[in-house]
Amino acid sequence: MRGIHKLLVKMSLLPVYLWDMMWCWAWKRSMKNCGKGVYLRPLSSDIKGLENLSIGDGTSIPKGSTFYCTEAPLTIGRKVIFGPHPTIITGDHRTDIIGKYIIDVTVSEKLQENDAPVVIEDDVWCGANVTILKGVTIGRGSIVAAGAVVTQSFPPYSIIGGVPAKLLKQRFTSQEIEEHERLLNNNKS
């Protein structure tokens, strides 16, 4: 009897998965750039600003992702992986207008500093429930701990965590980085 229940649970997930896969091609073609082998669950996520979204080859965007890049670009590199429910937002609200509700401030009233690009370089792993905010660059090969709120940029091979996120340690020594990158480049051939 337990086997039947497991089968029924799996079957209940199939329509949502198939619906996502059916629409995936259209979403990918609407992006600024979308690489090969990108895994994306567009209808199970909340993605705004496809025209400003670039995703590199072999990257996995899980269902439950929230990406808002309506006024500034979001660039995600190659072979980036995300845990469940990442949030990336390239913009902010203008909050300094006296006599106007924040929600009533229009896009044309925003200041240049209210929106800034987010760049996640190649080979980054972002854990579950990560939040990455405007103006951040996460260097290649970095790891962002689950639950981190990233409000500043970090260099390659950083291990980042906390609220707000801070550098916990470097993933490799400089000699290890050289060897790692040499091996990665040799594997490309």
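Is Trp19 buried, partly exposed or exposed, and what is its relative accessibility? In this predicted model, Trp19 counts as partly exposed because its relative accessibility is 47%.

**View 1. Overview of the chain with its two helices and 17 strands.** The C-alpha atoms fill a box of roughly 65 × 50 × 30 Å along the principal axes, and buried residues make up 35% of the 189 residues. The accessible surface comes to about 11,300 Å², with 59% of that area belonging to carbon and sulfur atoms. The chain carries 22 positive and 18 negative charges, whose mean positions lie 10 Å apart.

View 2. Trp23, at 36% relative accessibility, counts as partly exposed.

**View 3. The aromatic pair of Phe67 and Phe82.** These two rings form a tilted pair, with 5.9 Å from centre to centre and 55 degrees between the planes. Phe67 belongs to strand β6 (residues 66–68) and Phe82 to strand β8 (residues 81–82), so the pair ties together parts that are 15 residues apart in sequence. Phe67 counts as buried, with a relative accessibility of 0%, and Phe82 also counts as buried, at 9%, the cut-off for buried being under 20%.

Technical notes
Residues are numbered from 1 along each chain as its sequence is written. This is a predicted model: local features need pLDDT of at least 70, side-chain atom pairs count only at pLDDT 80 or more; totals for chains, interfaces and linings use all residues. Side-chain values use heavy atoms; hydrogens and water are left out. Helices (H or I, at least four residues) and strands (E, at least two) are DSSP runs, numbered from the N terminus. Buried means under 20% relative accessible area, exposed over 50%, partly exposed in between (1.4 Å probe, protein chains only). Accessible areas come from the Shrake-Rupley method with a 1.4 Å probe; for residues, only the protein chains shown count as cover. Lys and Arg count as positive and Asp and Glu as negative; His and the chain ends are not counted. The place of a charge is taken as NZ of Lys, CZ of Arg, CG of Asp or CD of Glu. Rings of Phe, Tyr and Trp (its six-membered ring) pair if their centres lie within 6.5 Å; planes under 30 degrees apart count as stacked, over 60 as edge-to-face and the rest as tilted.
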